[in-house]
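Please look at the model below with its ligand in view. The explanation starts at the ligand and then turns to a sheet.

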Amino acid sequence: MSIIEMSRTYFDHNATTPPDAAVIEAVIRALREDYGNPSSVHHFGQRAKALLDEARTTVAELIGGEPAEIVFTSGGTESDNLALRGAANAIESSSARRHVIVSGIEHEAVLNTVKALSTRGWTATVLPVDASGVVSPASLAAAIAPGTAIVSVMHANNEIGTIQPIADLAAIAHEHGALFHTDAVQSVAKIPVDVRALGIDLLSLSAHKFNGPKGAGALWIRRGTRLTSTMTGGKHERNRRGGTENVPGITGMGIAARLARAKLDADATRVGALRDRLERGVLQRVPGTLVNGGSSPRVPNTSNISFDGVEAESLLIALDLEGFAVSTGSACSSGTLEPSHVLRAMGLPSHRTQNSIRFSLGAGNTVEQIESLIAKLPGVVEKLRALVRR
Ligand code: PLP
């Protein structure tokens with residue numbers, strides 16, 4: 001089959017999702033018609049501001065917050081940076097606490113921000129996860145100290161999908177007077193997220209992970225939480241994030257949030273059934289396979305599977321040639337394959353940290369696509385194993 005004729009299936013929704021048709025329409029309309037600066041007093045500005053207000057409401061509703069608690073950002077990375085650096089800025093001006101705690105399976109947006117804080121006098125503790133990819137509240141209770149100012153643990157992991165016990169962890173942080181931030185980039189719109197029920201102070205989300213546009217995200221900041229902007233600029237976003245807002249992107253995010261809220265339960269059930277079907281099929285038909293984090297509560301769309309005797313990168317390329325887009329947790333940097341820090345943190349033996357593939361499903365996937373993948377996988381894996389045996 002030539003590349004042009006080949007039908008392609010997207011199983012990489014944790015990397016990014018296709019924008020919904022209604023999102024695309026709203027973004028184009030905002031670009032074309034509502035181009036005013038939302039800070040302008042005139043009609044054009046007020047039309048743009050109305051779009052921001054509407055999006056602020058729908059994004060807040062998706063997570064059980066108030067519109068005034070939402071700060072628009074350029075995405076998950078900026079939200080994580082603003083949460084940690086902004087909170088640290090405020091703490092530095094009022095307290096001697098300089099200790100931050102994160103989990104070992106956080107996204108680089110959190111891990112590298114914590115590294116940056118260490119250059120300005122902060123110390124960090126990285127919490128372990130168990131073999132099933134979950135942070136235990138007991139490990140936080142053991143690590144937290146009088147100097148702890150911020151605890152940051154992600155809600156759902158991007159590589160294996162495991163859901164962390166956020167409410168319990170946040171309660172421990174608060175008992176010790178620390179702020180609690182969660183990176184919910186991979187849980188929002190996949191499972192119900194309610195900031196009040198979780199009892200947290202700061203939450204990061206990103207539109208392109210739930211069928212919204214890239215370059216739009218939000219940080220939810222519980223009313224009363226002290227946070228100082230990390231950028232010098234205008235007084236946008238209640239002084240917390242300078243810069244003219246990305247009106248088209250934020251408008252698209254608002255539409256995506258509204259759609260996600262309306263179909264959250266139905267999507268979770270449908271996508272979860274597809275994921276379970278995929279895992280059953282692979283485990284039955286491909287010998288030497290294991291689901292990483294499979295025994296833990298997980299978001300319904302994510303499956304991370306180890307294939308014995310196969311290098312993940314080779315399998316990814318072989319599947320791409322067959323028309324299936326998947327991903328590995330490993331990062332290929334300067335020619336060396338870095339094993340996934342998430343799988344390493346779970347204590348997996350080194351061969352399993354390098355032979356794991358992430359399948360992340362989404363709204364557009366079908367039973368036929370899953371069946372087609374299950375039918376192709378045994379042959380593709382066997383071919384790769386035979387190459388290694390030679
Ligand atoms: N946090 C998590 C858990 C993610 O999965 C990602 C994206 O992969 C990010 C943060 C970064 O989000 P963005 O791409 O919007 O900067």
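The model is a predicted one. There are 13 residues around the ligand, and those that come nearest are Gly76, Thr77, Asp183, Ser206 and Lys209. Sorted by class, this shell holds eight polar, three charged and two nonpolar residues. Helix H3, which spans residues 76-92, supplies the largest share of the shell, with three residues.

Some of the contacts can be given atom by atom. Asp183 places a polar side-chain atom 2.6 Å from a nitrogen atom of the ligand. On the oxygen side, a polar side-chain atom of His208 is 2.9 Å from an oxygen atom of the ligand, and an N or O atom in the side chain of Lys209 lies 2.6 Å from an oxygen atom of the ligand. The ligand on its own exposes 390 Å², of which the protein buries 86%. As for its location, the ligand sits in the largest pocket.

The sheet is a separate topic. Strands of a sheet pair through backbone hydrogen bonds, in either a parallel or an antiparallel sense. Here four strands form an open sheet in the order E9-E10-E15-E12, and the pairing is antiparallel. Strand E9 (289-291) and strand E12 (327-328) are the edge strands, each pairing on one side only. Between them in the order, strand E10 (residues 302-307) and strand E15 (residues 356-360) form an antiparallel pair over five bridges. Within the sheet, Ile305 stands opposite Ile357 in E15.

Technical notes. Residues numbered from 1 in each chain as written. Predicted model: local features only at pLDDT ≥ 70, side-chain atom pairs only at ≥ 80, totals over all residues. Heavy atoms only, no water. Near = heavy atom within 4 Å. Polar contact = N/O pair within 3.5 Å; in protein donor to acceptor, adjacent residues only side chain to side chain. Areas by Shrake-Rupley, 256 points an atom, 1.4 Å probe, with all protein chains shown as cover. 1 Å grid on protein atoms, 1.4 Å probe; cavity = no way out; pocket = protein on both sides within 12 Å on 5 of 7 lines; lining within 4 Å. Sits in = over half its atoms within 2 Å of the grid points. Helix = DSSP H or I, 4+ residues; strand = E, 2+ residues; numbered from the N terminus. Nonpolar A, V, L, I, M, F, W, Y, C, P; charged D, E, K, R; others polar. Pairing = 2+ DSSP bridges.
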